[in-house]
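Keep the coordinates open while you read.

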Amino acid sequence: MFKTSLLKQASRAATAARPASIASRAIPSVVCSRGLSTSQALRRTEDEKDDLPQEKGEHVGTHSRTDNRIAIPFDEETQPEQKPVQGRGAFHFKRTLASFSLEGKTGIVTGGARGLGLVMSQALVVSGASVAIVDLNKDEAVKQADILMKQFRDENPGAENVPLVTGHYCNVADPDSVNSVIEEVIAKHGKIDNLVTSAGFTENFDAIAYPYDRIKKLWGVNVDGTYLFATGVARHLMERKSPGSMVFIGSMSGAIVNVPQPQAPYNASKAAVRHLGRSFAVEWAHAGIRVNCIEPGYMLTALTEHILNENPELGQKWTSLIPQGKMGRPSDLMGPVAFLCSDASGYMTGAELRVDGGYTCT
Ligand SMILES: NC(=O)c1ccc[n+]([C@@H]2O[C@H](COP(=O)([O-])OP(=O)(O)OC[C@H]3O[C@@H](n4cnc5c(N)ncnc54)[C@H](O)[C@@H]3O)[C@@H](O)[C@H]2O)c1
């Protein structure tokens, strides 16, 4: 089997190494709009394609295809609770750049009651920022806000400046809800300097069977939610004539197509988030507002852990495709989010930070 495949590769290489015959039958090289010339040697006519050895067998393409039998709906009611990570805060005396500190800043984290949003909220608090956690689940947001403040006090005994952490209700897909929570946060905290948009969800259905109302809901949260929050906070920063930094939580799915689970609307939503970030970065650079995007790979949150417990073969498939050989932990996003919110990333805007264990490199 292995030998056959080697033979096929050798045969294919030999076919590709026939520049004279290919050139003689090739379409003339063309210049595309970016001024790059396509190579004649790489072009083949339809006849030559037929000359290529045909790959046959069950293995062909199986590692890079979606499987339309996988269907995982998202259910707001049954989300597991996420615990803040332990041992990441505390007062320390290791030297680092002062520009990494977020002391004196106030951030909003959407979807901060659970999962990645909660741990990123914690990263901002540990770095000295006050944080407003906004979420559909207000009770959980308020509970986690109290836990983060208590944790800060425990880890920094005698600290004079204890960040204020508050929890708020918001449906990020609803413009009225977004505007009213932004006012509520400004009333409580006095200002907003940073925004992290983590509210979002994914679900899996074969594209043709995907219920349209669910697609609209997903795009409403993932895309409209990012748009509405970003513009609301940008308006506030411009009125205050203050610089600020926003971090959109996209996904590697905005750049690649995950396999085997089908999730076309989610992938498209994250591509939209990515390009919204770049568009706002350009549009608001004059006002000193930076917009960058973090694109996580497969992260092991309470929710993904729950999904993988029910579908263990999915986890095996995913990790087999990650060069680092493991899923990311939510705490892997603490450094990136604090960095992008801080002045240490002052000349970065419109950038994308992939945190995916190398997934998108292969
Ligand atoms: N977990 C991963 O592997 C992973 C990978 C790449 C990107 N992401 C992205 O990271 C973000 C966070 O994902 P997570 O895994 O932490 O999810 P999660 O479900 O654990 O947390 C999402 C939070 O958003 C809140 N939320 C959902 N809809 C909302 C709405 N309409 N308004 C306000 N809040 C709402 C939920 O209540 C929840 O607290 C999402 O945008 C997701 O697409 C996650």
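How near do the axes of helix α7 and helix α8 come, and at what angle do they cross? This is a predicted model. In it, the axes of α7 (residues 212-240) and α8 (residues 264-284) come within 9 Å. They cross at roughly 15 degrees. Angles under 35 degrees count as roughly parallel, and α7 and α8 are therefore roughly parallel to each other. The crossing of α7 past α8 is right-handed. On the α7 side, the contact is made by I215, L218, W219, N222, V223, T226, Y227, A230 and A234. On the α8 side it is made by P265, Y266, S269, K270, A272, V273, L276, F280 and W284. By class, the contact of α7 with α8 has 14 nonpolar residues, three polar and one charged.

Helix α7 has another helix to consider. The axes of α6 (residues 175-189) and α7 come within 10 Å. Their crossing angle is roughly 40 degrees. Helix α6 brings P175, V178, N179, I182 and I186 to the contact. Helix α7 answers with L228, F229, G232, V233 and H236. Seven of the residues in the contact of α6 with α7 are nonpolar and three are polar, with no charged residue.

V119, M120, A123 and L124 of α4 make the contact with M334, V337, A338 and C341 of α11. The contact of α4 with α11 divides into eight nonpolar residues, no polar and no charged.

Now turn to the sheet. In what order do the strands of the open sheet stand? Seven strands form it, in the order β3-β2-β1-β4-β5-β6-β7, and the pairing is parallel. Strands β3 (165-169) and β7 (352-355) stand at the edges, each with a single partner strand, so one side of each has no neighbour in the sheet. From one strand to the next, the twist averages 15 degrees.

Strand β2 (residues 130-135) is joined to β3 by five bridges, and the two run parallel. D135 stands opposite Y169 in β3. Helix α5 (residues 138-155) packs on the sheet and touches β2 and β3. The direction of α5 makes about 175 degrees with that of β3. Helix α8 packs on the sheet as well, touching β5 (244-249), β6 (289-296) and β7. The direction of α8 makes about 165 degrees with that of β6.

Next, the ligand. How many residues surround the ligand? There are 30, and the closest are G111, G115, L116, G200 and M299. Helix α4 gives the most, with three residues. By class, the shell around the ligand has 14 nonpolar residues, 14 polar and two charged.

Two backbone details remain. Most residues other than glycine have a negative phi, and most peptide bonds are trans. Where are the exceptions here? K241 is not a glycine, yet K241 has a positive phi of about 50 degrees. K241 lies in the loop between α7 and β5. The peptide bond from V259 to P260 is cis, with omega near 5 degrees. P260 is found in the loop between β5 and α8.

How values were computed
Residues numbered from 1 in each chain as written. Predicted model: local features only at pLDDT ≥ 70, side-chain atom pairs only at ≥ 80, totals over all residues. Axes fitted to C-alpha atoms, helices over the stretch in contact; angles between N-to-C directions. Helix = DSSP H or I, 4+ residues; strand = E, 2+ residues; numbered from the N terminus. Parallel < 35°, antiparallel > 145°, perpendicular 65-115°, else oblique. Left-handed = near helix turned anticlockwise from the far one by under 90°. Contact = placed C-beta atoms within 7 Å. Nonpolar A, V, L, I, M, F, W, Y, C, P; charged D, E, K, R; others polar. Near = placed C-beta within 6 Å. Pairing = 2+ DSSP bridges.
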